[in-house]
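Welcome, and thanks for taking a look.

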Amino acid sequence: MSTKNVLTPYKSNNLDLRNRVVMAPMTRSRAANEGNVATDDLQGLYYEQRASAGLLITEGSQVSAEAVGYINTPGIYTAEQVEGWKKVTKRVHDKNGKIFIQLWHVGRISHPDFHNGALPVSASAINPEAKAFTYTGFKDTVTPKEMTIEDIKRTVKDFQTAGANAIKAGFDGVEIHSSNGYLFQQFFNGCSNTRTDEYGGSIENRARFFFEVLDAMKEVMPEQKIGARFNPSCHGMFGMEVDKETIPTFEYIIKKLNEYDLAYVHLSEPFTDVSEVPFAVTEIAKHFRPLYNGTLIINTAFDKEKGDKVIANGDADLVAYGKPFISNPDLVERFEQGVALTEWDADTFYTAGAKGYTDYPTMK
Ligand SMILES: Cc1cc2nc3c(=O)[nH]c(=O)nc-3n(C[C@H](O)[C@H](O)[C@H](O)COP(=O)(O)O)c2cc1C
């Protein structure tokens, strides 16, 4: 047990943070309808309000038009989107905050409505049997198109370009969204990847696309500015299932990441109850910490006390808070002063405007 807690500053070769409280990436659907551009008056203010976190990670941000699967979510592939994000990063930096952008491709968690009628893409042509949030409401997902090798190579380039754009926009780094049942996890897991080429079958093959993206990103920014997020026990969400190869796949990926010098690896404890799910791991930080030598962020359902404990035990270096940050812009100050937290309102997670977004009060 160490005496460190979530308020202790954190310094590694790659990160220098004033505390260990990270804001988890959260989609809030407040980007401009026109062009999926980050908005200064809404998104800029929202991130500025939360800049006392050791590190902010933005909501998932699409790397291409093909990567889109939700309404009003920001992108980072057009010049206007880069300009939009510049204003956001400036606001955070003016408050001495640090901010990474989460780079996102939803894969099959999308709908032809977003693609002029074309099918969303994925590792294999398997419908996740989920819902897509479109401009005309929730719609059933469809059977996606299996990505060709050409599609994969183009998507690697899209991530590379988005990474370069992120640096232009002033971000301190990027987080690859390889989590929660989206495109990369659709390649990792056997339930969504039945390919027989070099991107399917063995564990190494299912991880190949992710590592190709990582290697491409390293060409446009120092690897020290790159983080990656995984949800190894993601089950029952967006068509994801844990099978006997799932945890070994993540063990392979996370061990292989020791060959890189990344900013961090960001892991989620399961979002759903997996205590009865065969082959799932219920204690992600404990399971994966011994496998990874770099900075480890852990997330999901932490409060101050649990966060302090996971750090004191040495099971993680940083703790990411999601929903508590939605309703407590001054979460860090509340932790410092032991002040009770405001409850979040789930009804305004994805609605338009300032309500439930930038209007949560700070402490009196
Ligand atoms: C409104 C909302 C939006 C989210 N959007 C994203 C996202 O864009 N990217 C992502 O990796 N996780 C996303 N998540 C998951 C959160 O990052 C986090 O893992 C989850 O809320 C659990 O952490 P918590 O218990 O501290 O809230 C989202 C969660 C919520 C509540």
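Apart from neighbours within four places in sequence, Asn-328 is in contact (heavy atoms within 4.5 Å) with Arg-334, Leu-341 and Thr-342. This is a predicted model, where local features need pLDDT of at least 70, side-chain atom pairs count only at pLDDT 80 or more, and totals for chains, interfaces and linings use all residues. Residues are numbered from 1 along each chain as its sequence is written, and side-chain values use heavy atoms, with hydrogens and water left out.

**Around Asn-328**

- You will find Asn-328 in the loop between α9 (323-327) and α10 (331-337); helices (H or I, at least four residues) and strands (E, at least two) are DSSP runs, numbered from the N terminus.
- With a relative accessible area of 0%, Asn-328 is buried (buried means under 20% relative accessible area, exposed over 50%, and partly exposed in between, with a 1.4 Å probe and protein chains only).

**Around Leu-103**

- Leu-103 has 0% relative accessibility, so it counts as buried.
- Beyond its neighbours within four places in sequence, Leu-103 has contacts that include Ser-61, Val-63, Ile-76, Phe-159 and Met-217.
- Between Leu-103 and Arg-334 lie 231 residues in sequence and 30 Å in space, C-alpha to C-alpha.

**A hairpin to look for**

- Strands β7 (residues 131-134) and β8 (residues 137-140) run antiparallel and are joined by four bridges; two strands pair if DSSP finds at least two bridges between them.
- The hairpin connecting β7 to β8 passes through two residues.
- Facing Thr-134 in this pairing is Gly-137 of β8.

**The whole chain**

- Ten helices and 14 strands make up the secondary structure elements of the protein chain.
- The protein chain is as compact as a globular protein of 364 residues, because its radius of gyration is 19 Å, close to the 21 Å from the globule rule (the radius is taken over C-alpha atoms, and the rule is 2.2 Å times the number of residues to the power 0.38).
- The C-alpha trace spans about 55 × 45 × 40 Å along its principal axes.
- Of the 364 residues in the protein chain, 58% are buried.
- Of the contacts between residues at least 6 apart in sequence, 71% join residues at least 24 apart.
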